[in-house]
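Subject: Structure for your files

Hello,

Here is the structure you were waiting for. My notes on it follow below the entry.

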Amino acid sequence: MIAMMRLITYNATMTSTTATKESVTLDPLSRDLLGLIGAHDAEAAGIMAAEAERQATTLELIASENHVSTTVMHAMGSWLTNKYAEGYPGKRYYGGCEFHDQIEDLARDRAKKLFNCGFANVQPHSGANANIAAFMGLLKPGDTVLSLPIKSGGHLSHGLKPNFSGTFFNIVDYDLDPKTELLDYDAIEKIALECKPQMIICGYSAYPREIDFKRFREIADKVDAYLMADIAHIAGLVASGVHPSPFPHAHVVTTTTHKTLRGPRGGLILSDDEEIAKKMDRKVFPGSQGGPLMHIIAAKAIAFGEALKPEFKTYSEQIVKNARALADGLNEAGYRLCSGGTDNHLMLVDLQPRDKDLTGADAEKWLESAGIIVNKNGIPNDPRPPMVTSGLRLGTPALTSRGMQESEMREVASLLDKVMGASGDTATCEQVREEVRTLCAKFPLFH
């Protein structure tokens, strides 16, 4: 019934109404598509309408999420989804792939130009799939991999025990300096010399500082190891020159195409080494995947084209400015920023100095009720378990996509503190929810 009511808000006239105070205006094509879906499946369309409303009227602060352009979004719903295209351009296992070859070549060429490298595989369905191919192409089961553990900001596909990486490979951890919460390159080198890994991984899910890829390559060369850079979080910043590039230092680079790159959900593998490039192609297909998602590859091509425009650098620079402004606002409110701040799009917020009893899980729940979407996250040496945590991971890509700048970040910091400082008091959350709606209305998501 609720889903049906939401759909009624976007009724057969394809125009938004004031049936609810949270009604949002969609772009014309989205309205048409939602109306088409609603004519065939009102229940599904109602849920989709409700999600559009949620995104439009809440503040998205999850560092790994973003808002794609309407062009990218609609490319994902195109007729390219109808085709099997196993293989690569010019070497498909099915006929009828002429235009799929062209769109994949376009995506590959744009990716290579964007990251200034010689090879790109645009077929991985996700960042984890890209990592699977990299592991399979460069290592043998049982080989040693040196990586940052997930508890300190690494990714589950870098060696977590239940994951393929932790199941089939010998994972050795390096960690952050316990005092500075920064990468300690001398300590990493010492561990590498002791364990002699076949591969070293850099690039993380929750590390707010710049990465010295050159130093990592020097360490890898000393132990004759491959260097893999997983830049899933910082890819957009790298592409626009706002963060140092892993090239020419990394042997292989993996990434997602969403997050700061602001493309569709998917993966990407990059390299400058011809032999590694051949291995990556073989380990994506047929090594770990079947038919590629050609509608997603088309959306990747469009997103890469957007990222090649000068305004994308301005956008990336604003992401970093916004992150620093948000971090400063929270610091002034009494929260501790792990490592002392941020150089990129994200920050790790230690809640304990503000309130020793405040947990990330509680903060996440309270903030969502107030229209602010965040994720609980462990901090370095966190005394609480992963589903509770003592911190939050916050990011600014999505709010920057809406056009918000430093002054809005300070307002957001104040809203965050209002909710957490009141321990999720219902009246306070309702008040903040109205303030969030007002702020979102000034920066519409769909236009």
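**Helix packing**

Helix 14 (residues 360–369) packs against helix 16 (residues 406–421) at an angle of about 115°, and their axes lie 9 Å apart. Helix 14 is therefore roughly perpendicular to helix 16, the ranges being under 35 degrees for roughly parallel, over 145 for roughly antiparallel, 65 to 115 for roughly perpendicular and oblique for the rest. Axes here are lines fitted to C-alpha atoms, for helices over the stretch in contact, with angles running from 0 to 180 degrees between N-to-C directions. Helices are DSSP runs (H or I) of at least four residues and strands are runs (E) of at least two, numbered from the N terminus.

The crossing of helix 14 and helix 16 is right-handed; a crossing is right-handed if the near helix is turned clockwise from the far one by less than a right angle, and left-handed if anticlockwise. Ala-363, Trp-366 and Leu-367 in helix 14 meet Leu-416, Val-419 and Met-420 in helix 16, where contact means heavy atoms within 4.5 Å. By class, this contact of helix 14 with helix 16 has six nonpolar residues, no polar and no charged ones. Nonpolar covers Ala, Val, Leu, Ile, Met, Phe, Trp, Tyr, Cys and Pro; charged covers Asp, Glu, Lys and Arg; the others, Gly among them, are polar.

Before the rest, two notes on the source. This is a predicted model, in which local features need pLDDT of at least 70 and side-chain atom pairs count only at pLDDT 80 or more, while totals for chains, interfaces and linings use all residues. Residues are numbered from 1 along each chain as its sequence is written, and side-chain values use heavy atoms, with hydrogens and water left out.

Two further helix pairs are listed here. Helix 2 (residues 28–40) and helix 3 (residues 42–56) pack at about 145°, with axes 6 Å apart. Leu-34, Ile-37, Gly-38 and His-40 of helix 2 make this contact with Ala-42, Ala-45, Met-48 and Ala-49 of helix 3. Six of the residues in the contact of helix 2 with helix 3 are nonpolar, two are polar and none is charged.

Helix 5 (residues 98–115) meets helix 12 at an angle of about 35°, with their axes 8 Å apart, and the crossing of helix 5 and helix 12 is left-handed. The residues that make the contact include Ile-103, Leu-106 and Leu-114 of helix 5 and Ile-297, Ile-302 and Phe-304 of helix 12. The contact of helix 5 with helix 12 divides into 12 nonpolar, two polar and two charged residues.

**The protein as a whole**

The protein has 17 helices and 15 strands. Its C-alpha trace spans about 65 × 60 × 40 Å along the principal axes. The radius of gyration is 22 Å, which agrees with the value near 22 Å for a compact globule of 447 residues; it is taken over C-alpha atoms, and the globule rule is 2.2 Å times the number of residues to the power 0.38. Of the 447 residues, 56% count as buried. Buried means under 20% relative accessible area, exposed means over 50%, and partly exposed is in between (1.4 Å probe, protein chains only). Among contacts with a separation of 6 or more, 72% are between residues 24 or more positions apart.

**Single residues**

Phe-213 is in helix 9 (residues 213–222) and counts as buried, at 2% relative accessibility. Leaving aside neighbours within four places in sequence, its contacts include Cys-202, Leu-227, Ile-231 and His-249.

Tyr-88 is in strand 2 (residues 87–88) and is buried too, at 13% relative accessibility. Not counting residues up to four places away in sequence, Tyr-88 touches, among others, Asp-101, Arg-108, Asp-281 and Phe-285.

**Backbone geometry**

Most residues other than glycine have a negative phi, and most peptide bonds are trans. The bond joining Phe-247 and Pro-248 is cis, with omega about 10°; Pro-248 lies in the loop between helix 10 (235–239) and strand 9 (252–256). The bond from Phe-285 to Pro-286 is also cis, with omega near 5°, and Pro-286 is in the loop between helix 11 (274–284) and helix 12 (294–307).

Asp-224 has a positive phi, near 55°. Asp-224 sits in the loop between helix 9 and strand 8 (226–230) and is exposed, with a relative accessible area of 72%. Arg-262 has a positive phi near 60° and lies in the loop between strand 9 and strand 10 (267–271). Arg-262 counts as buried, at 19% relative accessibility.

Regards
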